[in-house]
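Hi there,

Here is the structure I promised to pass on. Have a look at it first, and then read my notes below.

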Amino acid sequence: MAITADHIRTTLADYLEQHPKAKTELGVVLGLLDDGDDLTSRKTLPGHVTAGAILIGPDGRILHVLHNATGKWLLPGGHLEASDGTLLQAAGRELAEETGIPPHVVAPHSQTPLHIDVHPIGANPAKDEPAHQHFDFRFLFRTTADIGELQTEEVSDAAWRNVDEITDPQLRNRIATALLDADSDAALSGKLPLAEPWPTASE
């Protein structure tokens with residue numbers, strides 16, 4: 001079942017309950033939802049929802065991919081597809097597709113995004129797309145696996161990077177906090193804390 005406006009609204013509400021100060025920045029998303037815009041479609045302007053994955057590796061570093069379209073090192077992620085049942089599934093699918101890391105060795109930290117980022121996207125004449133915005137719902141995942149076979153149509157390289165290399169201070173601080181919490185849990189349990197494996201769209 002495809003992602004619905006109600007699911008986006010509920011996920012956003014859960015996020016804002018944890019981060020109420022973000023309501024000002026994310027008001028545009030709420031407004032578009034109220035107007036009935038289909039934020040799951042990449043054709044919706046002035047912006048639409050995307051899903052991203054913040055993947056913590058075995059050594060605590062964060063996976064980045066070199067995106068072909070932008071030439072920039074970014075977190076794995078992308079547009080929603082009709083097969084995605086939830087935003088979390090969309091983020092997990094993009095992660096698996098772009099990095100070749102199979103879903104069964106990846107687990108989510110939470111059903112709620114760690115970060116929602118609003119950022120501008122430049123016009124792309126090749127795809128007949130004007131400048132617009134992405135409302136990127138970023139979910140935190142953990143894995144004990146390494147990078148697999150890359151989706152070369154989308155990315156040309158992948159690398160693990162230290163948390164302090166993330167330029168967005170808010171995202172950097174939230175990841176650092178999650179790592180500290182995970183280390184504390186691991187010290188108590190004696191193992192790497194992983195949530196239940198994230199469900200696929202077919203389940």
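Are Arg138 and Asp136 buried or exposed? Both of them are buried. Keep in mind that this is a predicted model.

Those two side chains also meet each other, in a salt bridge with 3.0 Å from N to O. Arg138 has another partner too: it forms a salt bridge with Asp117, where the closest N and O atoms are 3.5 Å apart. That pair links distant parts of the chain, since Arg138 sits in strand 7 (residues 132-143) and Asp117 in strand 6 (residues 115-121), 21 residues apart. Arg138 has a relative accessibility of 12%, and Asp117, at 13%, is buried as well.

In total the structure holds nine salt bridges. One more of them brings together the side chains of Asp34 and Arg9, at 3.0 Å from N to O. Asp34 lies in helix 2 (residues 23-34) and Arg9 in helix 1, so this pair ties together parts that are 25 residues apart in sequence. Here Asp34 counts as exposed, at 58% relative accessibility, while Arg9 is partly exposed at 31%.

Now for helix 1 itself. This helix covers residues 5-18, and its 14 residues reach 20 Å from the first C-alpha to the last. Ile8, Thr11, Leu12, Tyr15 and Leu16 are its buried residues.

Cheers!

Key: Residues numbered from 1 in each chain as written. Predicted model: local features only at pLDDT ≥ 70, side-chain atom pairs only at ≥ 80, totals over all residues. Heavy atoms only, no water. Helix = DSSP H or I, 4+ residues; strand = E, 2+ residues; numbered from the N terminus. Expected span 1.5 Å × (residues − 1). Buried < 20%, exposed > 50% of the residue type's maximum accessible area, 1.4 Å probe, protein only. Salt bridge = Lys/Arg side-chain N within 4 Å of Asp/Glu carboxyl O.
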